[in-house]
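Visitor: I should like to learn how to read a predicted protein model. Please guide me through it, feature by feature.

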Amino acid sequence: WDDAQAEVDLHVITPDGEHAFWASPLLQRGGGFDVDSVDGGGPEIFSTATPVPGNYLLYVNYWGNFTAAGYNFAADAHERPLITTRVTIIQDENTPDERQETLTVPLRRIGDLVFIRALRIMGGK
């Protein structure tokens, strides 16, 4: 994201209902977050080598701002009227079938939870 004071979190909901995010970073069936960046503009990286087939739901959450006084969660107490996050989705990484898609997502208020997209994973991939 483009604001070093903003704390933005990625959320992933799997086809079998698991919810990976900062407070629950690992999936029971394997995979999860490699890092939860809390200082500066990211990154946050979710990966799984053995994805469950079906629809994955991807969200970003403008969780708060971090200043010299600590975390600030007041929805209207932020310095910038708009921050943007860049989400890159990579499927079949390091294979001949690798696909990448980058989306820019605007966030306007602390507390915003924005749906990015559903990502369909087929069986065997």
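**Reading the model**

Guide: This is a predicted model, in which local features need pLDDT of at least 70 and side-chain atom pairs count only at pLDDT 80 or more, while totals for chains, interfaces and linings use all residues. Residues are numbered from 1 along each chain as its sequence is written, and side-chain values use heavy atoms, leaving out hydrogens and water.

Visitor: What is the mean pLDDT of the protein chain?

Guide: The term pLDDT denotes the predictor's confidence in each residue, from 0 to 100. Here the mean for the protein chain is 85, and 86% of its residues reach 70 or more. Among the elements, strand 6 (residues 70-72) has the lowest mean, 70, and strand 2 (residues 19-20) the highest, 95. Where pLDDT is low, the predicted coordinates should not be read in detail.

Visitor: How many helices and strands are there in the protein chain?

Guide: Both are DSSP runs numbered from the N terminus: helices are H or I with at least four residues, strands E with at least two. The protein chain has zero helices and nine strands.

Visitor: Which contacts join residues at least 24 apart in sequence, and what percentage do they make up?

Guide: A contact means heavy atoms within 4.5 Å. Among contacts in the protein chain between residues at least 6 apart in sequence, 60% join residues at least 24 apart.

Visitor: Does one count Gln-91 as buried or exposed, and why?

Guide: Buried means under 20% relative accessible area, exposed over 50%, and partly exposed in between, with a 1.4 Å probe and protein chains only. Gln-91 counts as buried because its relative accessibility is 15%. Gln-91 lies in strand 7 (residues 83-91). Setting aside residues up to four places away in sequence, Gln-91 touches Asp-97, Glu-98, Arg-99, Leu-119, Arg-120 and Ile-121. Of the 125 residues of the chain, 34% count as buried.

Visitor: Which residues have the most contacts inside the largest nonpolar core?

Guide: A nonpolar core is a set of buried Ala, Val, Leu, Ile, Met, Phe, Trp, Tyr and Cys residues joined through side-chain atoms within 4.5 Å. The largest has 22 residues, and Val-8, Val-60 and Ile-116 have the most contacts inside it. Strand 1 (6-13), strand 5 (54-67), strand 7, strand 8 (99-107) and strand 9 (113-121) each supply at least two residues of this core. Beyond residues up to four places away in sequence, the residues that Val-60 touches include Val-8, Val-87, Val-105 and Ile-116.
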